[in-house]
Amino acid sequence: MDFETLSGDLHKLKTRALAEIDQTTDPGALDQLEIQYLGKKGEITAVLRGIGALPAEDRPRFGALANDVGVAVKAALAERGVALRAAAQAERLGSEKVDVTLPGRSVPRGTLHAIPETIEAIAEVFGQFGFVVYEGPEVEDDLTNFQMLNIAPDHPARDLWDTLYVDIPGHLLRTHTSPGQIRVMRSTKPPIRALLPGRCFRYEAVDASHGFEFFQVEGLMVDEGTSMADLKGLLDEFAHALFGPRRTRFRPGYYPFTEPSVAFDVECIVCGGVGCPACSKSGWMTILGAGMVHPVVLQYGGIDPEKYQGFAFGMGVERISNLRHSVPDLRYYLENDLRFLEQFR
Amino acid sequence: MRVPLSWLRDYVDIQQTPEQLAERLTLLGMEVQGVDQWGSDWRNVVVGELLTVEKHPFADRLHITTVNVGSGETLHIVCGANNIAPGQRVPVALPGAVLPGDRRIERTEKMGIASEGMLCSGDELKITTDAEGILILPPATRLGVQLSDLYGDVVLDVDVKPNRGDALCLIGLAREVAAATGAVARWPEIVVAETGGPVAQRLKVEVREPELCTRFVGRWITGASIGPSPDTIQMRLQAAGMRPVSNVVDASNYVMLELGKPTHTFDGAAVHDGTIVVRLAQAGERLETLDHVERDLSPDTLIIADTRGPIGIAGVMGGAESEITGATTEIAIESAIFDPVSIRRTGHRYALRSEASLRFEKGQEFRLARLGADRVAQLTLAWAGGSVAAGRVDTATTEPTEARLAFRPRRISKLLGAEISTADQRALLRRVGVETEAAETGARIQVAVEPKPLVVDAGDEETFLAVVPTWRRDLAVEADVAEEVARVRGYETTPAHLPDTVMPAYRPSPLRARNMVRETLAGAGLSEVVTHALVSPMEQARLLWPADDSEPRLPASLAADLEDEIAVTNPLSAQHSVLRRNMAGSLLDVLSLNERQGRSDVAIFEVGKVYGRVQGQPREWVRLGFLLSGSAEPASWNRAARQFDLDDAKGLVELLCRRLGLPQPAYAPDGRGFPFHPGRALLARQEAGRETVVGRVAELHPDVLAEWDVRSQRVVAAEIAIAGLDVATPSSVHVEPIPRFPEAERDLAVIVDRECPAADVEAAIIRHGGGLLRTIRLFDLYRGAPLAASEKSLAYRLVFGAKDRTLTEGEVDEAVADVRRGLEGDLRARLRS
Ligand SMILES: [Zn+2]
């Protein structure tokens, strides 16, 4: 064997290998070609074995040449492999195209009811000012619902609370959350900052703005110097939190269990204060009643009115919700038509 | 109370516009709820002069008139009234006019004669009650003027609070206007021209119940003639919302609105022996009241009687027999002070509440008895003529002087949270008629009155005495003085200040656990509902949701017995007359309503209360109820529909337990049947002793669904008591260290009898699994070949591990062998590996 013959074979081998690699379309066939040419029993390997038959001076030259051929074939295999995989991936991806404009797979999501959500919103605001939540019974006794709140059995103000009575002597369905004031004062000592949400009942025919069951949130704060100015400060924060930066005002109200009593007005959220049917042209909307806890009530709560003073407020949850969510009819709340409920997503 | 401004101006000067006045009164605590234009429903009604009045040629009862309405042209109007004559001034509705009740007047033809408008009666205009004759206006009334300009008025609708009976009248509101504007309120001049003989010859009064009738003032008028009161008076009463009746009755009503003093006028001839007795009714006595209802009088009713029997229910309503009629000439006037509580009870007992009784209930200023009697006599004389007997019958002539109420200006500033100087406080009080004088040291301060009185010693603190006007019966304690200072100063000036005192102790919110439940269920696709607590007794009977002794009880949630329902004794309707014992009925109501609206997929929940009584006392428990009906996953382009079933409900219970950090519940079948599907109902609970969740989960019986007219064939409902929903019980997760050594898994297929509950298999595996068994999970349930028909196969994956080492194959094999032997022994199970 001489150098020329062997290198000629090598060259032909290289040409054939490169051509075959180039024509291959199957990644598996590339592996076969690698074995066929570069494997232990491969054709290029076999040519290399012939190096022993060459004169000693030709061997390095041939070795270098053979190495180059091996490198070239290897490179061609790798390059073709990359190309084939890229093509295969592109073809797969192409085949996986979907109509991305179709709707997604729906994840079930329910809704939360406006009444507990409004209670939560109210509790959140007052919670920031240290008010903690208590709850009183809905089947309340007459003493706590009325008499301890300075409403004697034949007090003319009883007309303000048409009452549903139950078949347990001395008991009724609470007409407001205010009896909770007595219960909180009796169960804890000042400083008191309490919030009492819950269901109330009245003997009242149902229409768009009345119901015999409704919800209130009562607030109570008692400490040595708690004043009407503290009440105003807190209620302003509350009104701003729920209704945005609006003007507010105090005006006199009347409750037997507060003295002085307050009605708390917020600039009409419909007209902004210029006057509209929603606010009876006054420009104001009353959102809650409040006042300084009456000394009689403090005493019934076991608190010395000479040492402590405090305020209480009470609001209708539906009223607050109506204003926040523009609910037109009170009956929506307890009727539970899903077309109403599902708007609170 | 409806307050015509033109009337109010009799007692106080008003410079403000009606809107300004309304705002000032509102800010003073007399809330003006409406500013109405009285007469705004007379459109195109003008003053005209009758030129001629002639008989209608074809109709006896009609007249043809010519009318000058000041515009130069003469109108021809056909009229049916008989009280008209040339020269009179009358209201003329021109063609195109609109009268109250939206009655439109057009050019018409009456019996062949054209009529260019209409002459109006007082009734047609709703300013007097006379429907027979045309309203004859004063002769000097200007022609062509719109009637609304002439008689139109602004009427304020004032909400007078129950404690301010003194302001439930024009004089009272004039005093409030004066306080608001600085004007001066004036009383009408009350002077009675007495031309008759001594009243004692006519009227004797005997009060047998001086506690219930603290003062009775009587007057007598002879020779009055009953007829309508003057048109202007009728207009005032109408504008104030009171229907004119006759001159004498109107005088009484006028005085009630003017002074706030209800009085009563009797036909003197019907007062037997001229003797009035104020006493309690006797058993068996009856009275026909003015509304012509014959009433049995109960013995605790305070009545006005003569020597023969009852002639009126005191302070509430007079008797029909002694009513003022057209034939009446002798008039007995009653102006009394009755006990407010007695009047209130009587009004309730007979379901008779009048404008008069409402005023008596709020309490009356003592001197009003005298002033009221005089004023009624004065007006009756003016409107009905006759002669007033000299003097009054008066059972309590001594009128009390003003009370003194001590107050500490510093205390008032502290309560209001605003520094108001003593001088300012005194000046503010003067504006509502409360004079002040310095008190001696050590004055007694009335902090609270009945029912829980408290009087303290002022010590050396600066103290003043408020001289309480006799009409202000509401000023009784120091805090009342504070309110007067605050309201005259203006509540709107209250400074805003955030509390900067010590915070209360931490208290976990009872809403927290409930909110976790709510959020979790909403996140799982359920919609929250809030339903009525009051339900129909039928609903409880139709459902019979079990709450008997077999139900395990949570410490905070005793299950009450069915007969322990709480019922409302005065329900609005039977539909809402008992407090609910369970929530499932309410949820079915919601399902039914939504199905009627065409919704078939309904998944709802409520966290609410159920009610019952324990040992006679009311009890309330917070419960979670949920209901699933229709599709859990509605059919979609990329997913087939899946209906809700019992497993969805159980999955929700398990999810909640995880969310609340509570142990998973075990399930026990409940085969009772109605109201449940006999094969698809269960009791969920934790093992005894650590019960934190107890509840029933069931597919409802088809008969229940039929009761509610529910279309859905399968409805799953659950009602669950969860510890922590009633009260806050903070729970926290305790973390186990992450296992440092690998765990070993083994699968076990357990073949048991088809009826053997899976819960029993699981319990047996846990029982025999030993300390190395960490978790088990059911991953397959199989019935069919090659198993016998009576068999099923449950496949579990068991995970074993130890904290301190990697388990050897041998250890795991041994544990599995123990489980295997246990299952074979306890359940006669076969095992496949
Ligand atoms: Zn508005």
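Where is B:P510 found? B:P510 sits in the loop between α13 and α14 (511–523) of chain B; helices (H or I, at least four residues) and strands (E, at least two) are DSSP runs, numbered from the N terminus. With a relative accessible area of 5%, B:P510 is buried, where buried means under 20% relative accessible area, exposed over 50% and partly exposed in between (1.4 Å probe, protein chains only). From B:P510 to B:P571 it is 61 residues in sequence and 31 Å in space, C-alpha to C-alpha.

A word on how things were counted. This is a predicted model, in which local features need pLDDT of at least 70 and side-chain atom pairs count only at pLDDT 80 or more, while totals for chains, interfaces and linings use all residues. Residues are numbered from 1 along each chain as its sequence is written, chains are lettered from A and ligands numbered from 1 in the order in which they are written, and side-chain values use heavy atoms, with hydrogens and water left out.

Of the cysteines, A:C276 and A:C279 are both buried.

A:S280 belongs to the loop between β7 (258–267) and β8 (284–293) of chain A. A:S280 is not a glycine, yet its phi is positive, at about 50°. Its relative accessibility is 53%, so A:S280 counts as exposed. A:N150 also has a positive phi without being glycine, near 70°. A:N150 is in the loop between α6 (142–145) and β3 (171–173) of chain A, and at 16% relative accessibility it counts as buried.

Helix α10 (residues 317–325) of chain A has A:V317, A:E318, A:I320, A:S321 and A:L323 buried. In general, an α-helix has 3.6 residues a turn, so residues three or four places apart point the same way. The cover over the buried residues of α10(A) includes α5 (114–128), β5 (213–223), α8 (228–243), β8, β9 (309–316) and α11 (331–335) of chain A. After α10(A) comes A:S326, with a positive phi near 55°.

In chain A, one joins A:P190 and A:P191, with omega about 5°, and A:P191 lies in the loop between α7 (179–187) and β4 (192–201). In chain B, another joins B:F674 and B:P675, with omega about 5°; B:P675 is in the loop between β37 (666–669) and β38 (676–685).

Next, helix packing in chain B. Two packed helices are described by the angle between their axes and the distance between the axes. Axes are lines fitted to C-alpha atoms, for helices over the stretch in contact, and angles run from 0 to 180 degrees between N-to-C directions. Helix α7 (residues 247–259) of chain B packs on helix α10 (residues 368–384) of chain B at about 140°, with the axes 9 Å apart. That makes α7(B) oblique to α10(B): angles under 35 degrees count as roughly parallel, over 145 as roughly antiparallel, 65 to 115 as roughly perpendicular and the rest as oblique. The residues in contact (heavy atoms within 4.5 Å) include B:Y254 and B:V255 of α7(B) and B:R375 and B:W383 of α10(B).

Helix α11 (residues 409–416) of chain B and helix α13 (residues 478–489) of chain B cross at roughly 65°, their axes coming within 10 Å. The pair is therefore roughly perpendicular. On the α11(B) side are B:R411, B:I412, B:L415 and B:L416, which meet B:E478, B:V481, B:A482, B:V485 and B:A486 of α13(B).

Finally, B:V205 is part of strand β13 (residues 204–207) of chain B. B:V205 is buried, at 17% relative accessible area. Leaving aside neighbours within four places in sequence, B:V205 is in contact with B:F216, B:I276, B:V393 and B:T395.
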